[in-house]
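Thank you all for coming. I would like to walk you through one structure this morning, beginning with a pocket and ending with the chain as a whole.

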Amino acid sequence: MTDVLRAPSAAPQRDRNRLPATRPTRLPSLTGLRFPAALLVFVSHAAANVPQVRLLQDNSLAVDLSKATENAGPLGVAFFFVLSGFVLTWSARPDDTARAFWRRRFAKIYPNYVVTWGLAMLLFASAYTPTRVALANLFMVHTWVPDLQYLLSVNMASWSLGCELFFYASFPLLHRLFLRIDPARLKYWIGGVLAAIILTPLFAYQMVPDSPAIQFSPTTSADASVKQLWFAYNLPPVRLLDFALGMLVAHAVLNGRWRNIGLAWSSLLLAGSYWLAQESDMLYAQRATSIIPIILLIAAAAMADAEGKFTLFRTRTMVWLGEISFAFYLLHSIVLIYGRKVLGHDLYSTPVAMGLIAGLLAVCVLTSWALYALVERPITRRWSTSRRVKASAA
């Protein structure tokens, strides 16, 4: 099992139009794109019309703003899932082992996760979270339970890390499988996975119990049940499709089997897909409407970096924001919920509320920088590689 990342000796010959072997191992534009995706999640949660975060006094505006941003978070999450598969495939080492890969992922992800879990429990979550739920969240298994008490427990954003844990466990075998695909047939695999993603909401609506519906407020309910949402949006094996799609697209780009439409057109399509999401049923909006523009944008950014082209996302500021984006993602709900708690129960005029949200965003960026600098970066550097490997490299 320890050699499952190694390419099989009988792997098919690469297409001659693939990117050169000297392609960059780092993709700064994709790093820079991570922060806008995380910011979408922040905006979606900051504008949510729920007592835990709402600051706006104007009820009509609060409802409209919540409606306008409700699909921003799912878009950001889908982007991260696809990006994860793409980047891990792009940077895969031919002589790597599954054990070494899992060690690096653990050192990168779990320390930040534990720190933010403890912070959320200390500041507010311990007051209403049962011990069994808190422990399920700590060990990243809460996303397997079709119950909002588990799915949104402790740190609201943590459910996606339960999915990522499953992705990382699956990556070595998926990588070995995808290396065996004839490059000329990658388009069929990509098309098949895309079809599965787009059909997931249809399956959930038709096959998963549709009651009770999710209640957003005493007078407003969703067009899906908790179990339908859990199956289509939260369940790790189903979201593995997004991750696998990113892996397959990376293989297509690396083998010269991708038709690049560029960053500008990809961004326009992504904006158009958001409009489509706003006009679609809940599960389609959260799961399917933006998936094609997402892969087009990720591939376009990677190819721009591989060709040495300038993009706005590879500037020093954007790359720095991208580097702290994981910490930002884990901290943003904590900052929003605790910020609302500190401010009390008052609601504010629109200018004041917007100023407070901007202030909370600044706090989130600063605390994310601290978490990245004090926890994520030093632990990754110290523990992502074993002493034996470091000694042999020296």
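By class, how many nonpolar, polar and charged residues does the lining of the second largest pocket have? Before I answer, please keep in mind that this is a predicted model, in which local features need pLDDT of at least 70 and side-chain atom pairs count only at pLDDT 80 or more, while totals for chains, interfaces and linings use all residues. Residues are numbered from 1 along each chain as its sequence is written, and side-chain values use heavy atoms, with hydrogens and water left out.

The lining has 21 nonpolar, nine polar and 12 charged residues, where Ala, Val, Leu, Ile, Met, Phe, Trp, Tyr, Cys and Pro count as nonpolar, Asp, Glu, Lys and Arg as charged, and the others, Gly among them, as polar. That lining comprises 42 residues, and those nearest the centre of the pocket are Arg26, Arg34, Val87, Arg105 and Lys108. A pocket here is an open set of points on a 1 Å grid over the protein atoms alone, where a 1.4 Å probe fits, with protein on both sides within 12 Å along at least five of seven lines, and lining residues have an atom within 4 Å of a point. Helix H3 contributes the most to this lining, with eight residues.

Along its principal axes, the C-alpha trace spans about 65 × 45 × 40 Å. Of the 394 residues, 52% count as buried, that is, under 20% relative accessible area with a 1.4 Å probe and protein chains only. Finally, among contacts (heavy atoms within 4.5 Å) between residues at least 6 apart in sequence, 82% join residues at least 24 apart.

Definitions and conventions. Helix = DSSP H or I, 4+ residues; strand = E, 2+ residues; numbered from the N terminus. Buried < 20%, exposed > 50% of the residue type's maximum accessible area, 1.4 Å probe, protein only.
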